[in-house]
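The structure is placed here for reference.

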Amino acid sequence: MINYELRITKEIAGAPQPASRACSLKPEADNNMEITCYTTATIVQFTSSDQFPKLRHIPITSLRALSHSLNPRADAEDKILFVAWEKDEVAGYLGVLADKILQSGTMVKCAWLSCFWVDPAIRGSGIAKELFLRVMVAWENRILITNMAPGTMNFYLRSGLFGQPQFKEGIRCFLRFNLAEILPPKKKLFERVKPFLSAMDKMANMLNEIRVSSIPEKRYISTLKVEQVNGLDHDVHQFIMSLNQEEHMRRGKSELEWILANKWLIQSASPTEESKRYYFSLVAQRFFYRCLKFYNRKDELAGFMILSVRNNHLTIPYFFGTGEIHDEVVRYIVRTMLELKLNMVTVFHPALSREIRNAGTPFLQKRAIRRPYLASTEINISGLNFQDGDGDSVFT
């Protein structure tokens with residue numbers, strides 16, 4: 001096993017790499033390979049190069065690269081993508097999302113691990129460890145991880161650079177049968193029988209639709225004024241700032257507007273040329289955000305929410321609100337699912353998930369779920385005061 005602590009200390013103490021351009025480093029794992037790092041300032045240049053369209057595997061999409069380049073919390077010299085090359089082809093890559101986190105009253109730079117892939121033909125060669133080490137060095141051990149792939153947590157814990165995982169409790173609710181979407185990511189067996197699962201869902205939902213269609217329309221209409229908006233005005237900005245002061249990431253107007261304007265997914269019924277060469281998500285049959293202002297009975301702003309719909313799944317990446325409206329927000333969520341014919345909703349916001357758990361709803365099932373968070377030993381995340389969309393969750 002690599003002595004991570006020793007090597008990181010040596011490399012941080014060494015001469016810094018050039019910050020404003022890509023830098024090449026020779027990995028210890030394989031002398032025939034080269035690791036190149038791209039910064040916020042160079043990432044779009046890479047995806048626009050003559051080389052990029054010729055790659056069999058791409059380490060980032062053009063859409064993601066543009067989004068990273070406009071990140072209001074990133075500096076030009078931030079190293080956000082490390083690519084291992086074997087000759088002229090991508091052998092592996094590790095990307096991060098630059099961010100800032102509240103630590104002892106001060107916002108400090110950090111990064112979220114975002115995408116991690118190694119060519120199956122060379123797994124076990126040490127390239128994954130080398131890419132991971134380069135990121136830890138570049139970000140001086142200030143790394144956060146969530147939504148990690150199954151089975152990868154032990155890889156990070158064995159490095160000795162992370163504290164014990166912490167788990168945020170949430171809830172996932174099903175309005176319709178959805179086995180073909182929720183089971184394949186868990187095991188390869190389910191991926192192979194996905195057509196069969198889809199057929200089962202279709203048959204079960206034919207009967208379930210009778211139940212759903214019989215739900216009275218007025219039952220889940222919010223009694224509060226709800227306004228759909230295109231962005232964040234001054235009132236929303238001030239409202240958010242009054243409520244986010246204890247949050248780890250303290251996202252405000254500039255960060256949220258950047259997210260809304262720079263999606264990582266496109267709506268398409270079929271794969272695109274880039275999506276065929278990229279291991280992670282680029283295409284969804286349906287993907288959009290909806291921004292909502294909630295007013296209390298005194299016509300005062302009492303809540304702001306960004307909801308996200310990907311295919312038939314609804315999530316609540318960001319919610320800021322007072323306790324007086326939580327029940328009405330849940331009514332709005334249910335009503336939205338009925339109107340858009342969605343299958344499931346996932347919520348980790350403590351107050352909303354608690355309200356959903358206790359409220360009468362038309363869901364077939366309510367299931368408690370947990371989201372793991374890992375933080376390097378340089379970062380304190382006690383209290384897990386994260387919004388659901390923190391990290392790169394909001395983009396996918």
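My entries on one helix and on the aromatic rings follow.

I worked from a predicted model, in which local features need pLDDT of at least 70, side-chain atom pairs count only at pLDDT 80 or more, and totals for chains, interfaces and linings use all residues. Residues are numbered from 1 along each chain as its sequence is written, and side-chain values use heavy atoms, with hydrogens and water left out.

**Helix 9.** I found Val236, Phe239 and Ile240 buried (under 20% relative accessible area; exposed is over 50%, partly exposed in between; 1.4 Å probe, protein chains only). These three lie on the same side of helix 9 because they cover an arc of only 95° around the axis, taken from the directions from the helix axis to the C-beta atoms. On the other side, I noted His234 and Ser242 as exposed.

**Aromatic pairs.** I recorded 20 aromatic pairs in the structure (ring centres of Phe, Tyr and Trp, the last by its six-membered ring, within 6.5 Å; planes under 30 degrees apart are stacked, over 60 edge-to-face, the rest tilted). Among them, Tyr38 and Phe46 are stacked, at 4.4 Å centre to centre with 20° between the planes. Tyr38 counts as buried at 8% relative accessibility, and Phe46 at 4%. I also noted Phe132 and Phe155 as edge-to-face, at 5.5 Å and 65°. Both Phe132 and Phe155 are buried.

Note on methods. Helix = DSSP H or I, 4+ residues; strand = E, 2+ residues; numbered from the N terminus.
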